[in-house]
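Let's take a friendly walk through this structure together. Please keep the sequence and the 3D view at hand.

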Amino acid sequence: MHAWHVPRNGEPGEVMRLTEADTPVPGDGQVLLKVRAANVNFPDALLCRGQYQITPPLPFTPGVEICGETPDGRRVIANPALPHGGFAEYALADAAALLPAPDALDDAEAAALHIGYQTGWFGLHRRARLQAGETLLVHAAAGGVGSAAVQLGKAAGARVIGVVGGRDKARAARELGCDVVVDRREDDVVAAVKDATGGRGADVVYDPVGGEAYTQSAKCVAFEGRVLVVGFASGTIPAPALNHALVKNYSIVGLHWGLYAAKDPRAILDCHERLTDLAAKGAVKPLVSERVPLAGAAAAVQRVADGVTTGRVVVLPRLTEGAPA
């Protein structure tokens with residue numbers, strides 16, 4: 001089979017190599033999946049760089065989220081078992097963790113439903129306790145993680161303010177349903193959020209960026225608001241001023257979605273049922289901006305790493321060069 005290997009750590013575009021490899025053999029409790037679609041996530045770039053919390057042995061195949069096909073023909077969503085990741089024609093996954101792919105979504109959309117939307121659901125509902133009528137501020141609102149939070153926020157009845165970088169992303173955020181869009185390249189984010197909320201600020205802030213985005217969040221979070229720390233795509237991990245949280249009476253809430261697989265796996269299944277229902281109703285639908293063939297995976301991971309993509313980029317192993325996207 002064809003598979004992308006990472007023989008050394010570095011930038012995805014430099015270290016990923018497309019190779020001819022043996023089809024992996026399932027271990028105890030594992031299943032071999034034919035990869036129908038593999039969604040590109042920021043952690044794929046971190047894996048290539050050797051900066052992720054999981055460090056698979058070299059060489060490995062990245063690709064942490066797929067829509068695959070089981071040997072008996074079922075269409076499923078899975079997180080591949082590294083080092084046999086999803087940027088290949090076949091991948092391995094834990095049989096007990098397979099989730100049925102929603103009928104309402106095609107392969108590319110289904111591949112993008114899992115990590116970002118589960119993170120959004122657990123973050124907004126279990127950690128931040130978002131309520132209908134509250135104001136939700138989403139950083140990187142046109143990105144893969146942010147776009148999921150926007151849709152889930154709207155589905156929960158929140159008023160959503162999206163922060164983006166650039167006019168194309170601003171247009172995408174509006175199409176996703178943001179009530180207010182702030183372009184951080186042209187607008188003062190803090191002033192814009194306060195203006196949009198009558199000076200009150202946002203009740204919940206969804207921050208997958210860190211760095212300056214977190215600093216802005218702390219300045220425009222409402223009384224008894226919740227700043228939800230989801231990730232650090234900026235590369236800068238903020239050091240919160242706890243005296244500021246005390247004086248303004250807001251909460252700083254962390255989310256590591258991966259822990260639920262070990263601590264409360266039933267909750268992941270329950271969440272998937274809710275997401276499947278929302279997809280069937282049309283309330284959520286992953287924004288897939290690019291569908292690329294397997295040969296384009298390295299360049300796709302690099303674009304996601306560089307923060308220049310909108311929504312999700314999905315690799316389709318059986319989409320040939322020149323085929324319609």
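The report below goes from the whole chain to selected residues and elements.

## About the model

This is a predicted model, in which local features need pLDDT of at least 70 and side-chain atom pairs count only at pLDDT 80 or more, while totals for chains, interfaces and linings use all residues. Residues are numbered from 1 along each chain as its sequence is written, and side-chain values use heavy atoms, with hydrogens and water left out.

## The whole chain

The protein has 12 helices and 15 strands; these are DSSP runs numbered from the N terminus, with helices being H or I of at least four residues and strands being E of at least two. For 325 residues, a compact globule would have a radius of gyration near 20 Å, and the 19 Å of the protein agrees with that. The radius is taken over C-alpha atoms, and the globule rule is 2.2 Å times the number of residues to the power 0.38. Along the principal axes, the C-alpha atoms fill a box of roughly 60 × 40 × 40 Å.

Of the 325 residues, 54% count as buried, where buried means under 20% relative accessible area, exposed over 50%, and partly exposed in between (1.4 Å probe, protein chains only). Among contacts (heavy atoms within 4.5 Å) between residues at least 6 apart in sequence, 66% join residues at least 24 apart. The accessible surface comes to about 14,000 Å², with 51% of it belonging to carbon and sulfur atoms; the areas come from the Shrake-Rupley method with a 1.4 Å probe, and for residues only the protein chains shown count as cover.

## Helix H12 and its cover

Helix H12 spans residues 297-306, and seven of its 10 residues are buried, so it is largely enclosed by the rest of the structure. The buried residues are Ala297, Ala298, Ala300, Val301, Gln302, Val304 and Ala305. Their cover includes strand E1 (2-5), helix H1 (12-15), H2, strand E14 (288-293) and strand E15 (312-316). Just after H12, Gly307 takes a positive phi of about 70 degrees.

## Asn41, a buried loop residue

Asn41 sits in the loop between strand E3 (30-39) and helix H2 (42-49). Asn41 counts as buried because its relative accessibility is 3%. Beyond residues up to four places away in sequence, Asn41 touches Val64, Glu65, Ile115, Val304 and Arg312. Val304 is also one of the buried residues of H12.

The side chains of Asn41 and Glu65 are joined by a polar contact of 2.9 Å, and the Asn41 side chain reaches the backbone oxygen of Asn39 at 3.5 Å. A polar contact here is a pair of N or O atoms within 3.5 Å; within protein, one must be able to donate a hydrogen and the other to accept it, and residues adjacent in sequence count only if both atoms are side-chain atoms.

## Backbone details

Most residues other than glycine have a negative phi, and most peptide bonds are trans. Leu58 and Pro59 are joined by a cis peptide bond with omega of about -10 degrees, and Pro59 lies in the loop between H2 and strand E4 (66-69). Another cis bond runs from Leu82 to Pro83, with omega near 20 degrees.

Leu82 and Pro83 belong to the loop between strand E5 (75-78) and strand E6 (90-94). Leu82 is partly exposed because its relative accessibility is 24%, and it is in contact with Leu47, Pro56 and Thr61, leaving aside neighbours within four places in sequence. A positive phi near 60 degrees is found at Glu224, in strand E12 (residues 221-229). Asn249 has a positive phi near 65 degrees and lies in the loop between helix H9 (242-248) and strand E13 (251-254).

Gln151 is part of helix H5 (residues 144-155) and is buried, with a relative accessible area of 10%. Leaving out residues up to four places away in sequence, Gln151 touches Tyr117, Leu176, Ala283, Val284, Lys285 and Pro286.

Pro265 is found in helix H11 (residues 265-281) and counts as partly exposed at 45% relative accessibility. Pro265 and Ala97 are 168 residues apart along the chain, with their C-alpha atoms separated by 8.7 Å.
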